[in-house]
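Please look through the sequence and the model shown here before reading on.

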Amino acid sequence: MPKACELNKGDIVAINGAPCVLEDLRVSTPSARGAASMYHLRFRNLVTKSKVDNNVKGDEMYASIDFEKKPVQYLFRDHDEFTFMDTEDFSQFTLMEGDIEEAARFLVEDMEGITALVSDGRVLAIELPPAVELRVESCDPSMRSASATARTKNAVLETGLELQVPDYLEAGEIIRVDTRTGKFMSRA
């Protein structure tokens, strides 16, 4: 059973018997001597998709949840359904767009390196790799004047994700994107 001070973003624990993933973690330390640090935790219930906010001290215990991780491959999208394949037994399953709304903006057909979180034979969520490679579909034109600061411009990627990229990038280039923040990392 992990303590609140031991949790990291993305960890899964049981809250009221339901599996919840830690989405946001903030720590506030009071200035008074002897006061305990407060942990402001935002969880997402993996079954109902509702938010669960907890403000606790660091020694608050959370129940562990029993789940397994399976490597999967994203195959294709059909309207609001995303189809995946278990790479071990080649079985397929679908998830609705509402179930993976954050991850959907990084998925391209035949993408590998994805992990499915499975509990009691049911897929609860998917985990993306820390970075993915995506193609730039379109971007604003470059400004060719000298500048002391690095400039960025808007770009739309093949999945529809919009983000800021360096001014020197052009449409058609492949870039690496951080899946945790949704920001440009580098050229691929």
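The paragraphs below go from the whole chain to a sheet, a pocket and a single loop residue.

This is a predicted model, in which local features need pLDDT of at least 70 and side-chain atom pairs count only at pLDDT 80 or more, while totals for chains, interfaces and linings use all residues. Residues are numbered from 1 along each chain as its sequence is written, and side-chain values use heavy atoms, with hydrogens and water left out.

The secondary structure of the protein chain comes to 1 helix and 15 strands, where helices (H or I, at least four residues) and strands (E, at least two) are DSSP runs numbered from the N terminus. Its C-alpha atoms fill a box of roughly 55 × 50 × 25 Å along the principal axes. Of the 188 residues of the protein chain, 36% count as buried, that is, under 20% relative accessible area with a 1.4 Å probe and protein chains only. Among contacts in the protein chain with a separation of 6 or more, 42% come from residues 24 or more positions apart, a contact being heavy atoms within 4.5 Å.

Strands of a sheet pair through backbone hydrogen bonds, either parallel or antiparallel. In this chain, an open sheet of 5 strands runs in the order β4-β3-β2-β1-β5 with antiparallel pairing, two strands being paired if DSSP finds at least two bridges between them. The edge strands, each pairing on one side only, are β4 (51-57) and β5 (63-64). Strand β3 (residues 38-45) pairs with β4 in the antiparallel sense over 7 bridges, and His40 stands opposite Asn55 in β4.

Strand β2 (18-28) also gives residues to the lining of the largest pocket, as do α1 (101-104) and β10 (122-127), and β2 gives the most, with 4 residues. A pocket is, on a 1 Å grid over the protein atoms alone, an open set of points where a 1.4 Å probe fits, with protein on both sides within 12 Å along at least five of seven lines, and lining residues have an atom within 4 Å of a point. Of the 28 lining residues, the closest to the centre of the largest pocket are Val21, Glu23, Glu102, Ala103 and Ile126.

Glu173 lies in the loop between β13 (162-166) and β14 (174-178). The side chain of Glu173 makes a polar contact with the side chain of Arg187 at 2.8 Å, where a polar contact is a pair of N or O atoms within 3.5 Å, one able to donate a hydrogen and the other to accept it, and residues adjacent in sequence count only if both atoms are side-chain atoms. The side chain of Glu173 also reaches the backbone nitrogen of Glu170 at 2.8 Å.

Methods:
Buried < 20%, exposed > 50% of the residue type's maximum accessible area, 1.4 Å probe, protein only.
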